[in-house]
Amino acid sequence: VNHLLGIKYLQKEDVELIFKTADHFKEVINRPIKKVPSLQDITIANLFFENSTRTRLSFELAEKRLSADVVNFSAASSSVKKGETLIDTVNNILSMKVDMVVMRHPNPGAGIFLSRHVNSSIINAGDGAHEHPTQALLDSYSIRERLGEVAGKKVVIVGDILHSRVALSNIFALKLQGAEVKVCGPKTLLPKHIESLGVTVETDLTKALQWCDVANMLRVQNERMDISYFPSTREYAQQFQLNKKKLEQLDREIVIMHPGPINRGVELTSDVADAENAIILDQVQNGVAVRMAVIYLLASGISR
Ligand code: CP
């Protein structure tokens, strides 16, 4: 059975194949008729044990545009609330002839755990502070679209690196494709030994911006931290907010990214979030084609 549990488990060739396949699907979903019949005998369950707007709707749209049958599960309104385990929940859903599971879960490693206990393809749609592989793929795809290629580009990931699955998956994906990666944030939100992943560290946002081609601005994940970790929101914004003033100090334009949801006025000011060189909605749009590619390629490995 094939899975997408993390970027850590992919080769460069896998990413290239996903992007080539996504190029095709991007062309398809820009046609007046956005659907292809590729997966009309496949059923996919989207299991969300944690809140989501983009990832959940993007997977559902990707599945529907591939003509798969789709069922959606939200833990908050399910029998998980009566004490049913993750494995029992998923095995009950699979017994209804479901072929593939997309899962978001607050616990790091939840997708890996599930893949060892159930007989289904699993796509990790974000597992706690561990990985968010499809986000990193759509982020790299969007850099490739805007700048021509990822190899050789200088990308700074700014903010709460410690609690961010987006940061970890992006580091793996960008390094795999030959980009240079820097992380920038308050010391309290940078993991110890992060340099061992082949990235450099900067705590001065102005210096990091002067260095980079692309700035990927992350949200501070208040929901994953002890309050004592955090500089106050005001202190954070003073030092790490990307605003017009900081951009005007640069001698060239940089590409601005954000995985969403944005806390406007904290990590980004509204004028910067909505600027022409901010590709935040392109990232969201590309997410559908990239997820179609991932689902299509994994489904090709299902024996019917
Ligand atoms: N980027 C992202 O994962 O957004 P959601 O939490 O809304 O899915």
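Asn2 touches Ser121, Leu298 and Gly301, leaving out residues up to four places away in sequence; here two residues are in contact if their C-beta atoms, placed from the backbone, lie within 7 Å. Its place is in the segment before α1 (12-29). Helices (H or I, at least four residues) and strands (E, at least two) are DSSP runs, numbered from the N terminus. Asn2 and Leu297 are 295 residues apart in sequence, yet 9.1 Å apart in space, C-alpha to C-alpha. Asn2 counts as partly exposed because it has 13 C-beta neighbours inside 10 Å. A residue is buried if 20 or more other C-beta atoms lie within 10 Å of its own, exposed if 12 or fewer, and partly exposed in between, with C-beta atoms placed from the backbone.

Before going further, a word on what you are looking at. This is a predicted model, in which local features need pLDDT of at least 70 and side-chain atom pairs count only at pLDDT 80 or more, while totals for chains, interfaces and linings use all residues. Residues are numbered from 1 along each chain as its sequence is written.

Now for the overall plan. The chain is assigned to domain 1 (7-130 + 284-299) and domain 2 (133-283), with bounds that come from an automatic or database domain assignment. Taken over C-alpha atoms, the centres of domain 1 and domain 2 are separated by 25 Å. Where they meet, 24 residues of domain 1 are in contact with 24 residues of domain 2. On the side of domain 1 that touches domain 2, the elements giving two or more residues are α1, β4 and α11. Of these, α11 gives the most, with seven residues.

Next, find the open sheet of four strands, which has the order β2-β1-β3-β4 with parallel pairing. Its edge strands are β2 (69-74) and β4 (121-127), each of which pairs on one side only. Two strands pair if DSSP finds at least two bridges between them. Neighbouring strands of this sheet are turned by 15° against each other on average, direction ignored; the axes are lines fitted to C-alpha atoms, for helices over the stretch in contact, and angles run from 0 to 180 degrees between N-to-C directions.

Six bridges pair β1 with β2 in the parallel sense, and Ile44 stands opposite Val70 in β2. To get from β1 to β2, the chain passes through helix α2 (residues 54-65), and this β-α-β crossover is right-handed: with the strands pointing away from the viewer, the path from the first strand over the helix to the second runs clockwise. Towards β3, five bridges join β1 to that parallel strand, where Ile44 stands opposite Met100. Strand β3 (residues 100-105) is in turn joined to β4 by five bridges, again running parallel, and Val102 stands opposite Ile123 in β4.

What lies inside? In soluble globular proteins, nonpolar side chains tend to be buried together. A nonpolar core is a set of buried Ala, Val, Leu, Ile, Met, Phe, Trp, Tyr and Cys residues joined through C-beta atoms within 7 Å. The largest one here has 84 residues, and Ile157, Val158, Ala215, Val290, Met292 and Ala293 touch the most other members. Helix α11 (residues 280-299) supplies the largest share of this core, ten residues. At least three core residues come from each of domain 1 and domain 2.

Leaving aside neighbours within four places in sequence, Ile157 is in contact with residues including Ala167, Val181 and Leu218. Ala215 lies in strand β8 (residues 214-217) and counts as buried because it has 28 C-beta neighbours inside 10 Å. Beyond four places in sequence, its contacts include Val156, Val158, Leu242 and Ile256.

Finally, look at some backbone details. Most residues other than glycine have a negative phi, and most peptide bonds are trans. Lys97, in the loop between α3 (86-94) and β3, has a positive phi near 65°. Lys97 is exposed, with 8 other C-beta atoms within 10 Å. His193, in the loop between β6 (180-184) and β7 (200-202), also has a positive phi near 65°, and His193 is exposed, with 7 other C-beta atoms within 10 Å. A cis peptide bond, with omega about -5°, joins Gly260 and Pro261; Pro261 sits in the loop between β9 (255-257) and α10 (270-273).
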